[in-house]
Amino acid sequence: MVGLSVGEKHFIQGGIAQDLRSDGRKRLTYRPIYVETGVIPQAHGSARVRLGATDVIASVKAELGKPSALQPDKGKIAIYVDCSPTAAPMFEGRGGEELSTELSVALQRCLLGGKSGAGAGIDPTSLVVVEGKVCWDLYIDGLVISSDGNLLDALAAAIKAALSNTGIPKVDVAVETRSDEQPEVNISDEEFLQFDTSGIPVIVTLTKVGRHYIVDATSEEESQMSSAVSISVNRKGHICGLTKRGGVGLDPSIILDMISVAKHVSEQLINKLDSEIAAAEASEEES
Amino acid sequence: MRGLQLPLSQTQRIRLQRALEKLQSLSCKANSDASVTVADTIPVNYEAALLKGHGTTDLNGDLVATVCGVVERINKLVYVRALRARYKPEVGDIVVGRVVEVSQKRWRLEINFSLDAILMLSSMNMPDGIQRRRTALDELNMRGIFEENDVVCAEVRNFQHDGSLQLQARSQKYGKLEKGQLLIVDPYLVKKSKQHFHHLEQFGIDLVLGRNGFIWVGEHVEARDSMVVDQANSSEQSMVPEEKNKTHTPLEMRQNICRIANAVRVLSTLGFSIDADLILETVELSSTVKIDIHDMLGSEFHVLVAEREAERRSLVGKRKR
């Protein structure tokens, strides 16, 4: 990340204080979101989301596997993020690994719920084929191509778009099998089941600079942050996950205030994202 | 043209395409065989002795381009000038750079070139304005003039033997740039003109168009009076950091800065040459259409700017005839 001079830092902080950021946005305005679906044909679902200069791709691949013994009625979902070295100079070589793990963990926490599988944004019970024997394993991969701040929001939006683009093949199970045998499964090439993505939450990251919070910070604004709180909110307005970054301590009342601001912002964001995903799917069908 | 990453609706896409086609047809009158892509054959007169320059290669007896760009011919030299290349400096260019390192008697600046540029301490005016030999004390106080990550405006003085640049900042108008924002565009969009410093009076804003693609938009700062005594300066400077914390740029000026910065961003996305008149016209267009500052980066305004530019160029073309 290129450094900023004292004068520039002062300008950015002044802008945030006066509610007019460097590109004319208000504090709670997102950059224009551009969604493309179906960018990776070999995957079952994929999407590319551009948020200003931030560019991320998410892909979903489904494979048949065996459910774990503790949760025989649920499929398995794994989320992993990779920061490409082309995204920023500091990601060269193994520099991006720390950030990748941080993003993966934050996304898992927001979208997958706890260890027992309870409270997941993505419903794993819809992934089971034969209870206890066969289930779908979803591998969700995120790739950061270009980083200009607010990676978490972009990745969550990309995952949501990729899942709405995902078609899980229909499986025919052979009926006569004994209980201890692996059932024969026939994976159809033609029919697909669409995923229900209305329950998937989005992530809103609030970055605190000075005394104010901003939404969707660019990397210049992120360099000025004292702390950032990422809150994942679903359509009903429920909080699905919370992550705090940055070493500066926050008063609990500020965190509660941030949560209410995030809920307010998330309504517009979810509507905007849904319309963009619908538009992207429509244009993909045309081409 | 780079694929515009904008969410364009169907009608906007059609309008934009129409405007761009119009622009292309207007510009095609000039040597249309000049632009080449990779593996295009360059039309040459084979009888003349040729010097094959950058971006060309000899393939089966034909001269073939290896980069996408424009063919330039200077006497016997034929080369292809790539468009999206790094900045190619010329002596006398005004550039805006960022200080990367403070070393012995010089500052190193990053200017979007393959090497860092050097600004010698002796090429810089002293704060007290007196022309004198730089002492060891001056060398130790270099950080007081420019620190790391400062944005500096200077002029290209000459090339050094290893290919790097030497800059100078001898005049009052060069120096540190504060209270504003730096924008980065492609270097080929800023053409050489008579004036690169623009003081936009109606906004009270300084606009510096660096030929290396770094454009500075900021509050207007009066050229520092060289006869100010050193002591007054130093006492002022110690007060300034605290004052800065209280006095931010006034809101109206900030709005103007953001509007101009967004105009530059729109022009650079569309690939139009950036000069002060065009920027002012774009800002006027945005205020006549009463568009919000942030919406200037939206698809509708991009299409409007492209259409207006196509109209303007066709009018200019008609006037010439």
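Start by selecting helix α2 (residues 97-112) of chain A, which lies across β9, β11 and β12 of chain A and runs at about 155° to β12(A). Helices (H or I, at least four residues) and strands (E, at least two) are DSSP runs numbered from the N terminus. "Across" here rests on contact, meaning heavy atoms within 4.5 Å. Axes are lines fitted to C-alpha atoms, for helices over the stretch in contact, with angles from 0 to 180 degrees between N-to-C directions.

You're looking at a predicted model, where local features need pLDDT of at least 70 and side-chain atom pairs pLDDT 80 or more, while totals for chains, interfaces and linings use all residues. Residues count from 1 along each chain, chains are lettered from A, and hydrogens and water are left out of side-chain values.

Next, show the sheet: 4 strands, open, in the order β10-β9-β11-β12 (chain A), with antiparallel pairing. Strands pair if DSSP finds at least two bridges between them. β10 (212-215) and β12 (239-245) of chain A each have a single partner strand, so one side of each has no neighbour in the sheet. The twist averages 25° from one strand to the next.

Zoom in on β9(A) and β11 (residues 227-233) of chain A, joined by 7 bridges. Here A:I203 stands opposite A:S232.

Keep A:I203 selected: A:I203 also lines the largest cavity, along with residues including A:Y30, A:D153 and A:L273. A cavity is a set of points on a 1 Å grid over the protein atoms alone where a 1.4 Å probe fits but cannot get out, and lining residues have an atom within 4 Å of a point. α3(A) gives the largest share of this lining, 4 residues.

Notes:
1 Å grid on protein atoms, 1.4 Å probe; cavity = no way out; pocket = protein on both sides within 12 Å on 5 of 7 lines; lining within 4 Å.
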